[in-house]
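Student: I have a model open on my screen. Can we walk through a few of its elements?

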Amino acid sequence: MNIGTKSITLPLYVYLVKPQKNLITTTIMILREIRRVMNKRGVSVEVEIITDSWFARQRLILRAKYKYDFSIITMARKDLALYKLPPAKRKRVRGRPRKRGKRLEPKVEDLNKETTLHLYGREVTLRYKQAICKAKFLNYEVIKAIWIEFDNNNSLRLILSTDTTLKAEEIIKRYAKRWDIEPMFDELKNRFKFKDIMMHSTHSYYQFLYFKIWCFIIIKLSSIEFSHSVTEFIKEMLPWRVHYKKGVSVTAGSTQLALQNIFSTLHIELFFPKLNKNTQCKPTNTTLYSTGLDIIYEKVR
């Protein structure tokens with residue numbers, strides 16, 4: 001989510017599922033549930049799945065594209081078999097039309113475009129080469145491939161996109177947003193202690209889980225909404241954070257202190273029930289419980 005010039009990552013949908021045979025199957029089930037909720041509520045938005053190279057699997061990519069109508073941008077192994085589009089069949093030529101063209105195997109010296117983008121919180125110089133091609137591991141599905149070298153490190157990376165209409169730089173920017181999810185997971189699991197939630201029933205677990213999610217969202221949005229107040233708090237209470245040339249240096253710690261001052265009258269810890277860490281969760285049945293932030297616990301009775 002972009003708010004002004006700032007980007008923020010929020011959990012809009014949480015799906016708790018009993019692990020299946022493997023992670024790919026579990027991921028497909030989650031995509032199916034997202035599509036089901038969207039269809040049920042009449043939500044018409046474009047969904048883009050961004051994954052690392054571990055999820056670059058035929059079963060996941062093709063099903064997401066054709067069955068659920070989701071586009072995918074994924075990192076992939078740079079030695080994948082990618083081929084140029086076949087030449088158009090000439091008239092009066094015998095035989096079946098060619099399925100693929102020449103194999104693409106670019107090297108670092110073949111990267112013919114250079115640009116500087118703001119990625120991962122800093123300016124990054126990169127060289128890249130793009131091509132619309134066919135991927136063998138996707139049954140020769142037409143995709144867009146981008147080979148990239150970051151900061152002249154003499155190492156190639158490969159990004160694939162099922163949306164061939166996107167420009168190369170836009171695909172790179174969108175893939176870089178995947179990293180924003182990692183700090184969010186770290187905050188949810190460690191700072192908000194998602195991994196320590198222990199309840200006796202699924203219903204209680206969901207109630208406490210979503211209470212924590214809303215707290216997380218309120219705090220993240222407040223850090224942007226009250227950005228001016230945070231800056232003023234730092235100037236007044238943390239003067240050593242003000243550089244004579246660079247100005248105010250806003251950090252996570254100073255933001256936390258400022259928000260504590262803003263919400264000083266709200267004792268949110270009173271809403272948290274006391275948890276017994278020795279309590280073991282009872283195993284649930286095979287029913288899949290899922291709910292979005294705007295959904296009342298319709299599956300949890």
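**Strands and helices**

Tutor: Start with a pairing: Ala 76 has Leu 158 in β11 as its bridge partner. This is a predicted model: local features need pLDDT of at least 70, side-chain atom pairs count only at pLDDT 80 or more, and totals for chains, interfaces and linings use all residues. Residues are numbered from 1 along each chain as its sequence is written, and side-chain values use heavy atoms, with hydrogens and water left out.

Student: In which sense do β5 and β11 pair, and over how many bridges?

Tutor: Strands pair if DSSP finds at least two bridges between them. β5 covers residues 71-76. Its pairing with β11 is antiparallel, over 4 bridges.

Student: How many residues of β11 are buried?

Tutor: Buried means under 20% relative accessible area, exposed over 50%, with a 1.4 Å probe and protein chains only. β11 spans residues 157-161 and is mostly covered. The count is 4 of its 5 residues.

Student: Why do the buried residues of α6 line one face of the helix?

Tutor: The buried residues of α6 are Val 230, Phe 233 and Ile 234. Seen down the helix axis, they line one face because they fall within one arc, taken from the directions from the axis to the C-beta atoms. That arc is 100 degrees.

Student: Which exposed residues does α6 carry on the face turned away from its buried side?

Tutor: α6 runs over residues 227-237. Its face turned away from the buried side carries two exposed names. They are His 228 and Glu 236.
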